[in-house]
Structures are given as C-alpha cells and as structure tokens.
Amino acid sequence: TMKLLKSPSNNYYFSKGKGKPMLLLHGFPDCAENFKHQLNFFAENGYQVLTPFLPGYHPEDKELDTYQSLRIAEEMITFIKSITDKKISLFGHDWGASIAYGMAGLEPDLIDKMITVSVPHGINVGASVLSDGDQQRKSWYMFFFQLPIADLAVPNNNFDFINRLWTDWSPNWSEYKSYADKTIEVLSKGNVLSKALAYYRCTFQESLQTERINSLTTELSAQKIKVPSLYLHGKNDGCIGASLCEGMENFFDELEIRILTDCGHFLHIEKHEEVNKIILNFLSNR
C-alpha cells in the first residue's frame, strides 16, 4: 500500500521517486491512489511523482471559500511550492485538467510542460452544454449534481451511481471496478462527497462563486496558455465528446492533440502503458 503524506501546506498526497517533480491531478469520480500506474512508471523514469487529493477529497481538508477550478488551481500551486522550488511537469485528468489550465494561466513559469486529458480547454465545452444535444445528454449528471437530492442519490446502494459513471464514461473497459471501489472509499468518508459535488455547483451557481475568482477567470480566458502542452482524449469517451477539442490549439502557444482510439474517459488507467509512454516521450523531447 502507498503511504499517505501530508505537505507543509496541509494537503494529503502520495509520492514516489526522486528527480524532476511531476504533479498528477485527478478528477471526478476518481482519487489520488488510482494514479498507481503513473506513480510507478514515472518514478522509475527519473521523476519525483506527487499525487495530491484534490482539495475537499480528504476529510481533514480545510473548507475553501469556493470550489471554482481557478481557486483549486491556487491551492495546488501553494501545495507544489510547499514541496519543491523546481519547475514541474504537470498532468491533469478531468477536473485535474481544468485545474491544470488554471495553474498554467496563473503561474506559467512554474510549469515546464503540461499534459491534460479528457477535458478540453477553450469555449467549446461551455458552448456545447448550451447548444449541443448530444453533449447535453452526456452532461446530465452535471445538472443533476446541482440539486440537493444528489447528496442522497449518489451514496445510495453502495454508491452504485459511481460505478455507473465509470461504465458510461469508459464503455469498452471491463477492469474499472477496483478503481471505482477506491474512489467510493474516498467519497464515502465524512463530508467528502459534498465537497466533490461543490466543484460542479460552484461552476454553475453564481451564489457559490467569488468575485475575485470570477474576474481572474475572465482575465485568464483572454490569454493564450504559454506552457508547451499535450492534450489526449479517448475516442469512446462517454462523458465529453472527443470532437470538443477541435480548435483547442487556438488557445495555446504550443499544443499537440492526440485522439486515442479504443478507449474512453479514464484513458490514463485503461491504456496506462500506451499513455505513459506517450507522456514520457512528450516530456523527454526538448
């Protein structure tokens, strides 16, 4: 089992290896421990791999004023600076991707290279929720999460809701269960689910947002991301359609996009050997 550590900034995280720092940010419904394939692989390849619990995913995490992704990005910048003063390689999946874009906007000099997965950057995602019927159907859970009933529905039946999301989002992958179980273990701890849902609620409900973060978000959305970046998306992703990353390169100084066939939303776990090699290759090329 992996040893849980606590940073000087009071964040809980797993770590493995010595060398260049690499920060891995998980999404929903997922957890830090499910990065075990990346922890092992990149530790063996000369990296100090750090996988924190997203703020709110550990019962002892302090409560934030808002769970907007840019606010989480600030927390993750504080976390990484409490551990290292070196430039980092940054990987983000799902919410972790949104948070990574925020970190790259706030502190581009902190990040050497960035890899994001399964959630594109730019206007397409927001626009599709407004106008694309297929994406609206895929995103139904986001709207459901706005309701107080979600706090009761998600844990029902041993969190079967979470299993359903894993199978809907990675439809051709049978080995998801142990990863979903790890996630359920995290989400079933006191007060964690409500914080995980707060990420969605703070995105759509103005009353849960702060003016400071809103104006920062507006400011950053007008700028291109300066960090050299790689974006990966699974062709069979049942959460966010792969077509939504079209045109994403307009929001970056330097971006490579790769669509992987035969895999879904959790592609870094489903195809971990292939994906780890793609990432290492991207990080190694100067």
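Reader: Is Tyr141 buried or exposed?

Author: Buried means under 20% relative accessible area, exposed over 50%, and partly exposed in between, with a 1.4 Å probe and protein chains only. Tyr141 has 2% relative accessibility, so Tyr141 counts as buried. Phe145 is buried too, at 0%. This is a predicted model: local features need pLDDT of at least 70, side-chain atom pairs count only at pLDDT 80 or more, and totals for chains, interfaces and linings use all residues. Residues are numbered from 1 along each chain as its sequence is written, and side-chain values use heavy atoms, leaving out hydrogens and water.

Reader: How is a pair of aromatic rings described?

Author: By the distance of the centres and the angle of the planes. Rings of Phe, Tyr and Trp (its six-membered ring) pair if their centres lie within 6.5 Å; planes under 30 degrees apart are stacked, over 60 edge-to-face, the rest tilted. That rule gives 26 aromatic pairs here. One of them joins Tyr141 and Phe145, edge-to-face, with centres 5.6 Å apart and planes at 75 degrees.

Reader: Which residue lies over the face of Phe282?

Author: A charge sits over a ring if NZ of Lys or CZ of Arg is within 6 Å of the ring centre and within 35 degrees of the ring normal. Here Lys113 lies over Phe282, 4.7 Å from the ring centre.

Reader: How many disulfides are there?

Author: A disulfide is a pair of cysteine sulfur atoms within 2.5 Å. The whole structure has zero. Take Cys31: the closest cysteine sulfur, in Cys239, is 17 Å away, too far for a bond. For Cys202, the closest is also in Cys239, at 18 Å, again too far. Cys31 is buried at 2%, and Cys202 is buried at 4%.
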